[in-house]
Every structure is written in structure tokens, then in C-alpha cells.
Amino acid sequence: MTWLRSPIGIAVALIVALIVVMSSVAIVPETKQAVILRLEQPLGKPVNAYKPGEQFGRTGAGPIFRIPFIDRIVWVDKRVLSVDLPNEPVLSTDQLRLQIDAYARFRVTDPLKMVVTIGTEDRVREQLQPLFRSALRSELGKRPSAILLSPERGQVMDNIQNSLQQLAAQYGVSIVDVRIKQTELPSGSPLDSAFERMKTARYQEAKTIEAQGMKDAQIIRANADAQAAQIYAQAFNKDADFYNFWRAMRSYRTTFLNNDPAKGETSIVLSPNNSYLKEFMGQR
């Protein structure tokens, strides 16, 4: 053991001791969960495992100890992760082939089950993607394409999320949310046909609104004419001479007053004794 007395021996011993200490201690951050495997077998419960409603600083994060070169730590993210489905073709019940861009948010809530059954987060994404694709096609394949533009879209998303959750639970994963980012029709005749149907539907809707407006206008005009006739009748009964004078003045204005140059000029020849002009002569 004389080599330990030399400076080189002491330096080597310190380096070895430092390596052993560093290999024995690990720091678990707040954003990670740690599963310790001893000879590839789980050793106890996960460290800093996710719990609903937990507060930072009280989750169990911090230093942990392990046996160097025997225990292995598998790190699992505690945060919400995502899996994407870009440009996924889906056939709706109205025989439209849609291009769907969708994503699902998930969280590893049972890291021990995830590590034992599948291993890593990347493998979780690989397994969830076909399950997500199947759930998306199954739900949208039972509905018309217009459902994606209606308030029922939210219920469709909930159904897809519930279906995916039943499949993802076997990996210790909880599905947080499912959303469709974009829906497109493929270019060509399907898109042109969809635009034509939309145009026809809007045209029919406009015609219905126009017909209803004309109906309402006729009712309003008829009611106004009836009310006006009633007022005229009441005025005639109160003063017949004034009513005749008022009607004659309106008739004169229509006959003799021409403010429209497009109608040209008209000459009217009447006898001074014509009864039509009696209001001009003061005859009552």
C-alpha cells in the first residue's frame, strides 16, 4: 500500500472516490420522474412520481442514492407531452376524403408501468400514434364532414379522447386533450364538388330569406294601406268638403306637376267649366 503514500496514488484514490460518489448520487429535477432499476428489475416506487394537484417544491424532487454500476435510473418526463398526426386521410360518411391534422396531449401518470411495459417516452409516442389514428378514423368515419364545422365538434373530440384513453391506459399514460388543428379536402373534383354544394346551399338560403322578406313586406304594406283607408274614411266622415278638396289637390299635383324630364312634356286642354277644375274656381 506504499503507492497510497505517493502524490500520484493519492490523486488516483481521490478520483476513484469522486467517481463512486458521483455515481451513487443523482438529482431528480421537478420536471422528471425517476424509476430505479436494479439488474433491470424495478427497485421500489418511482421517485418524484406525478400526482394530480401537486405543488412544486413538495413533490419529492432532490437527491437520490443508488449502487454504482448496479442500479440504473430511467428518467420519465412529468410534463404534458404530445403526439401528432399530420395529413391523416379520413373518409366521412358523405364519402369525402378529408386531410386531418390532429394532435393529442398526454402525460405519464404511472412511470413504473410505462418503463416495464414499453421502456421510453419515444416508444410511447410510437405506440400511441397508430392508436390515435385508429380512434380518429373510427369516430370521424361514422359522421358527415360537416360535423367538423358544427358545435358537435367538441363532442367528437371528447369521444376520440375517451377511446384513446382506454387504449393508452395499458402504458401508464393519461390522455389530457385531443384537438384537430386543420381539416382540408384534397384538391380536384372532391373540393370543387364541396364548394359547389356550399354555393348551392347558400343560394337557397338567400332565396328563402328573400321570400320571407317579401312576404313580411306585403303584410306590412297591406296593414298600412288598411290603416290609411280607415283614417281617410274617418276624415271623410268628419268633413266631406275638406276631404274632397284634399283629394282634388293631390290629383292636381299628380296631373299638372311634372318634375321628371325623362317623361317629356304633355299638353292638357280643358274647358273652363270642366268639373275637374272646380276647386280653382272656388266651387264647393
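**Close-up views of a predicted model**

**View 1. The largest cavity.** About 30 Å³ of space lies in the largest cavity. A cavity is a set of points, on a 1 Å grid over the protein atoms alone, where a 1.4 Å probe fits but cannot get out. Its volume is the space filled by probe spheres set on the points. Lining residues have an atom within 4 Å of a point; among them are Val 90, Leu 98, Leu 140, Arg 143 and Pro 144.

This is a predicted model, where local features need pLDDT of at least 70, side-chain atom pairs count only at pLDDT 80 or more, and totals for chains, interfaces and linings use all residues. Residues are numbered from 1 along each chain as its sequence is written, and side-chain values use heavy atoms, without hydrogens and water.

**View 2. Helix H3.** Helices (H or I, at least four residues) and strands (E, at least two) are DSSP runs, numbered from the N terminus. H3 has a kink of about 25° at Leu 128, shortly before Pro 130. The bend is the angle between axes fitted to the seven residues ending there and the seven starting there.

**View 3. An open sheet.** Three strands form an open sheet, ordered E3-E2-E5, with antiparallel pairing. Strands E3 (41-42) and E5 (71-77) are the edges. Two strands pair if DSSP finds at least two bridges between them. Seven bridges join E2 (residues 32-38) to E5. Leu 37 has Arg 72 in E5 as its bridge partner.

Conventions: 1 Å grid on protein atoms, 1.4 Å probe; cavity = no way out; pocket = protein on both sides within 12 Å on 5 of 7 lines; lining within 4 Å.
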